[in-house]
Amino acid sequence: MTRSSLPDSALIEARNVSLALGRAPARVEILRAIDLRVEAGESVALLGPSGSGKSSLMAILAGLERPSGGTVRVADLDFSALDEDALAIARRGRIGIVLQAFHLLPTMTALENVAVPLELAGEPEAFARATAELAAVGLAHRIDHYPAQLSGGEQQRVAIARALVSRPALIFADEPTGNLDTATGAAIMDLLFARHAASGTTLFIITHDPALAARCARVIDLADGRIIDDRRTA
């Protein structure tokens, strides 16, 4: 799905979303009454300390976790009404995810790792598109290398290429520099923002770093499972 084909409604719309684990008296409230609307093309940071519910909210918005209550619509699809198989299909081509752990397949080359989402979607030009995306993240010379032969920064570049190769409307990045040194992490974020600008995707970054959050056009503060602030930075 390209940006031009997105519906006129919000790309993400969450209403009264809650998440709780366990049963009373040991029931734990992770998210409480979350209302959130994100438009296509925005760069958004979800900022908060560890344990505030950031990754849980991302998992719900990405269709990886089901809320205990409320509704979630993404790209005009009601995620709340879809079963696990339908959610997996809905994510394909719509959502890309970059995590702190790279989650590359160790027995596949960089090229093969990036081509996997396209092959699953039946894309006939999977390897040509994967090659182009790896070139776009500066790894044209490393396409035949396996993850163990790549540095941490290079592995994260492969993960970014894999997330973007399907041209999704939405990219989630959950603490994407957490396993990298400061200089490499800064270079990875420069790359992620550059690819966001070039592709027009919506970028949703989960972080505990205020400096990183400030690079986004919008910052949402989360504490104790609630949104406590939602502001524009520019």
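**Figure 1. The lining of the largest cavity in this predicted model**. Ile-60, Gly-63, Glu-65, Arg-66, Pro-67, Val-72, Phe-79, Ser-80 and Leu-87 surround the largest cavity. Sorted by class, its lining holds 5 nonpolar, 2 polar and 2 charged residues. If you go looking for others, note that the count of cavities of 30 Å³ or more comes to 1.

**Figure 2. Arg-91, a buried residue with no salt bridge**. Here we turn to Arg-91, which belongs to helix H2, covering residues 84-91. Which side chain of opposite charge is nearest to Arg-91? That is Glu-84, 5.8 Å away, whereas a salt bridge would need a side-chain nitrogen within 4 Å of a carboxyl oxygen. The Arg-91 side chain does reach the backbone oxygen of Gly-63, at 2.6 Å.

**Figure 3. The largest pocket and the residues closest to its centre**. This pocket has a volume of about 630 Å³. Its lining is made up of 23 residues, and those closest to the centre are Ile-95, Gly-96, Ile-97, Pro-117 and Arg-162. By class, the lining divides into 14 nonpolar, 6 polar and 3 charged residues.

**Figure 4. Helices and a strand that line the largest pocket**. Helix H2, the one that holds Arg-91, supplies at least two residues of this lining, as do strand E6 (95-99), helix H3 (110-120) and helix H5 (152-164). Which of these elements gives the most? Strand E6 does, with 5 residues.

Definitions and conventions. Residues numbered from 1 in each chain as written. Predicted model: local features only at pLDDT ≥ 70, side-chain atom pairs only at ≥ 80, totals over all residues. Heavy atoms only, no water. 1 Å grid on protein atoms, 1.4 Å probe; cavity = no way out; pocket = protein on both sides within 12 Å on 5 of 7 lines; lining within 4 Å. Points joined across faces, edges and corners; volume = space filled by probe spheres on them. Nonpolar A, V, L, I, M, F, W, Y, C, P; charged D, E, K, R; others polar. Helix = DSSP H or I, 4+ residues; strand = E, 2+ residues; numbered from the N terminus. Buried < 20%, exposed > 50% of the residue type's maximum accessible area, 1.4 Å probe, protein only. Lys, Arg positive; Asp, Glu negative; His and termini not counted. Polar contact = N/O pair within 3.5 Å; in protein donor to acceptor, adjacent residues only side chain to side chain.
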